[in-house]
Amino acid sequence: MLFNQATFLTSAANLRNLPKTQLPEIAFIGRSNVGKSSLINAIVGNAKIAKTSKTPGRTQQINFFKLPEFIIVDLPGYGYASAPIKVIQKWQEFNLEYIKNRQQLKLVFILIDSRIGFKELDLNLIEQLNEAGVKCRIIYTKVDQLNKSEIEILKSITTFNDRYPLLEPNALIASSKNKEGIERIRKVILHYIIS
Ligand SMILES: Nc1nc2c(ncn2[C@@H]2O[C@H](COP(=O)(O)OP(=O)(O)OP(=O)(O)O)[C@@H](O)[C@H]2O)c(=O)[nH]1
Ligand SMILES: [Mg+2]
């Protein structure tokens, strides 16, 4: 299967170091500790490819993972992180520079911790993605912490789309722990890299 052929390609801390490929890219962004790196590992079926941590702010550069036909991008988290505020602001500026300048970026998954919900920074991000003309889609993470009816409620949420036309209406759900929702996310990725 295509997904388990992922390999680490490179890390970048500024625009000059972005990999010079034309392959389509799918990026994952969200608050620190929301589960971005864990989700990437679950999607590619390799628990060690993206470094995960209990300490928020683990991913401090943009990490690129290469698959045969596309690239998965792990973006540094925003919100709280165990790093000085100036350093965090720098990652955020770089995240936005990447998002605004990357021609081959097909979709940004915005991860929201299903137990916490949306924060102001998440809404700011959706706004900025819309201004940049980049499609985005919500994934609620860590749904292994919810019961069935709470999960059903999350799946039925289709808000914000009238305000943010580039936000795809149907949110996805995921658990890196019990792998719920992972196959669906793989299908969605394949859809966007060919569109
Ligand atoms: N219960 C549960 N915990 C999870 C899940 N995914 C991640 N975690 C935990 O959440 C913590 C953060 O996970 P990461 O994948 O490192 O989060 P991240 O968003 O990459 O964090 P930064 O790189 O710091 O921005 C770790 O302790 C993980 O074990 C999940 O699906 N379920
Ligand atoms: Mg990470």
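Buried means under 20% relative accessible area, exposed means over 50%, and partly exposed lies in between, as judged with a 1.4 Å probe on protein chains only. By that definition Arg 115 is partly exposed, with a relative accessible area of 44%, whereas its salt-bridge partner Asp 113 is buried at 7%. This is a predicted model, in which local features need pLDDT of at least 70 and side-chain atom pairs count only at pLDDT 80 or more, while totals for chains, interfaces and linings use all residues. Residues are numbered from 1 along each chain as its sequence is written, chains are lettered from A and ligands numbered from 1 in the order in which they are written, and side-chain values use heavy atoms, with hydrogens and water left out.

**Salt bridges**

- The structure holds five salt bridges, each defined as a side-chain nitrogen of Lys or Arg within 4 Å of a carboxyl oxygen of Asp or Glu.
- In general, side chains of opposite charge can pair when their charged atoms come close.
- One of the salt bridges joins the side chains of Arg 102 and Glu 25, with an N to O distance of 2.7 Å. Arg 102 lies in the loop between helix 2 and strand 5 (105-113) and Glu 25 in strand 2 (residues 25-30), so this pair ties together parts that are 77 residues apart in sequence; helices (H or I, at least four residues) and strands (E, at least two) are DSSP runs, numbered from the N terminus.
- Both partners of that pair, Arg 102 and Glu 25, are buried.
- Because they are three residues apart in helix 4 (residues 148-156), they are separated by about one helical turn.
- Glu 152 is partly exposed at 46% relative accessibility, and Lys 155 is also partly exposed, at 38%.

**Surroundings of Ser 114**

- Ser 114 lies in the loop between strand 5 and helix 3 and is buried, with a relative accessible area of 12%.
- The side chain of Ser 114 reaches the backbone oxygen of Thr 141 at 2.6 Å.
- Leaving aside neighbours within four places in sequence, Ser 114 is in contact (heavy atoms within 4.5 Å) with Tyr 140, Thr 141, Lys 142, Val 143, Leu 146 and Leu 154.

- A pocket here is an open set of points, on a 1 Å grid over the protein atoms alone, where a 1.4 Å probe fits, with protein on both sides within 12 Å along at least five of seven lines; lining residues have an atom within 4 Å of a point.
- Of the 15 residues that line this pocket, Tyr 78, Gln 92, Leu 96, Leu 121 and Gln 128 lie nearest its centre.
- Helix 2 and helix 3 (120-132) each supply at least two residues of the lining, and helix 2 gives the most, with eight residues.
- Lys 100, which lies in helix 2 (residues 85-101), is partly exposed at 49% relative accessible area.
- Apart from its neighbours within four places in sequence, Lys 100 is in contact with Gln 128 and Ala 132.
- Lys 100 and Gly 133 are 33 residues apart in sequence and 8.1 Å apart in space, C-alpha to C-alpha.

Conventions: A polar contact is a pair of N or O atoms within 3.5 Å; within protein, one must be able to donate a hydrogen and the other to accept it, and residues adjacent in sequence count only if both atoms are side-chain atoms.
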